[in-house]
Amino acid sequence: MISLKGISLFIIVLLLMGWKSSCLLTTPEKETDPLMLSCQKFATLYQSIGDSTITPDSAATAFKELFRELRQQTYTFRPACLQEVDSGFIFPVRGYYPQSSIGGRGKGYRPDGFDFFDSRVRKSHPAHDLFIRDRNNDAIDDVRCEHVDVLAFTGGFVLGTRENWTPDSQWRGGNCIWVYNPCLESLFYYAHNHTIDVKPGQWIKPGEILGKMGRTGFNAYPPRSTTHLHFMQLKITEEGLPVPVDPYRQLLEARVVDWE
Ligand SMILES: [Zn+2]
């Protein structure tokens with residue numbers, strides 16, 4: 001015969017088990033944050049495109065799905081984002097004036113043939129290279145004798161970063177940063193950095209320090225290359241696909257942030 005004490009003990013054990021399992025279900029972990037999940041999806045997709053382990057069609061489908069979610073996740077941030085955009089853009093290279101820093105007076109921008117989903121396509125350059133004074137190509141400013149800050153052109157959400165580039169790596173962008181701006185519905189790409197100071201999942205303000213300029217990347221590393229920041233804007237279409245847009249005029253009009 002089961003005693004009353006035994007039944008009570010059984011009930012207590014059941015309650016404790018229930019409490020434990022409900023804790024396991026409700027304990028928030030980083031991976032359950034929808035925005036962090038989007039960062040993870042982007043990292044996986046970007047890696048697969050770079051490694052050519054996904055077909056361009058499949059990559060485009062995954063990208064559209066990711067940005068459909070990201071638009072919803074960042075919708076509430078749009079009013080604050082619009083205010084920031086209204087107050088203007090920041091030139092991404094600290095202490096440099098656009099006219100002297102933008103390569104080829106804007107003629108370096110060549111969007112034809114660009115395909116975000118096919119890493120084998122290499123002829124286009126839908127970006128501006130922003131140069132610094134660095135005659136000996138050591139990534140250190142010749143006048144200031146220090147690394148140059150990469151500043152956020154506009155605010156947004158750090159969707160992805162890639163670090164720990166080494167000279168034997170095939171990564172073209174080297175240490176790079178992807179920022180999504182929800183009201184411009186654009187991705188901003190900052191490549192060839194020396195170091196990166198932001199993390200995926202972080203919200204940043206215009207002019208915030210993203211990292212230091214460098215010479216990382218397959219083509220940026222060799223001595224023939226002049227130290228520069230590769231800066232690209234990709235507008236996300238209604239359909240959710242990335243299309244290059246030329247930010248030259250905005251770069252020319254951007255506010256210059258002086259050395260500290
Ligand atoms: Zn470039």
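The following legends describe close-up views of a predicted protein model.

**Figure 1. Overview of the predicted model and its confidence****.** Residue numbers start from 1 along each chain as its sequence is written. Because this is a predicted model, local features need pLDDT of at least 70 and side-chain atom pairs count only at pLDDT 80 or more, whereas totals for chains, interfaces and linings use all residues. The protein contains six helices and nine strands; helices (H or I, at least four residues) and strands (E, at least two) are DSSP runs, numbered from the N terminus. Of its 260 residues, 35% count as buried. A residue is buried if 20 or more other C-beta atoms lie within 10 Å of its own, exposed if 12 or fewer, and partly exposed in between, with C-beta atoms placed from the backbone. Among contacts in the protein with a separation of 6 or more, 67% join residues 24 or more positions apart; two residues are in contact if their C-beta atoms, placed from the backbone, lie within 7 Å. The mean pLDDT (the predictor's confidence in each residue, from 0 to 100) is 91, and 88% of the residues reach 70 or more. Over residues 14–26, pLDDT stays under 50, and the model has zero contacts there beyond four places in sequence.

**Figure 2. Packing of helix α2 against helix α3****.** The axes of α2 (residues 34–51) and α3 (residues 56–73) are 10 Å apart and form an angle of about 160°. The two helices are therefore roughly antiparallel, a class that takes angles over 145 degrees, while those under 35 count as roughly parallel, 65 to 115 as roughly perpendicular and the rest as oblique. Axes are lines fitted to C-alpha atoms, for helices over the stretch in contact, and angles run from 0 to 180 degrees between N-to-C directions. On the α2 side, the residues that meet α3 include Phe42, Leu45 and Ile49; on the α3 side, Phe63, Leu66 and Leu70 are among those that meet α2. By class, this contact has ten nonpolar, three polar and two charged residues. Ala, Val, Leu, Ile, Met, Phe, Trp, Tyr, Cys and Pro count as nonpolar, Asp, Glu, Lys and Arg as charged, and the others, Gly among them, as polar.

Figure 3. Leaving aside neighbours within four places in sequence, its contacts include Ile177, Val179, Val198 and Ile204. The C-alpha atom of phenylalanine 188, 30 residues apart from valine 158 along the chain, is separated from that of valine 158 by 9.5 Å.

**Figure 4. Arginine 110 in the loop between α5 and β1****.** This loop connects α5 (98–101) and β1 (128–131). With 13 other C-beta atoms within 10 Å, arginine 110 is partly exposed. Residues up to four places away in sequence not counted, arginine 110 touches Ser124, His125 and Pro126. Its C-alpha atom is 4.8 Å from that of histidine 125, 15 residues apart in sequence.

**Figure 5. Positive phi values at serine 52** **and glutamate 185****.** Most residues other than glycine have a negative phi. Serine 52, in the loop between α2 and α3, has a phi near 55°; it counts as exposed, with 12 C-beta neighbours inside 10 Å. Glutamate 185 has a phi of about 45° and lies in the loop between β4 (175–181) and β5 (186–196). Glutamate 185 is partly exposed, with 18 other C-beta atoms within 10 Å.
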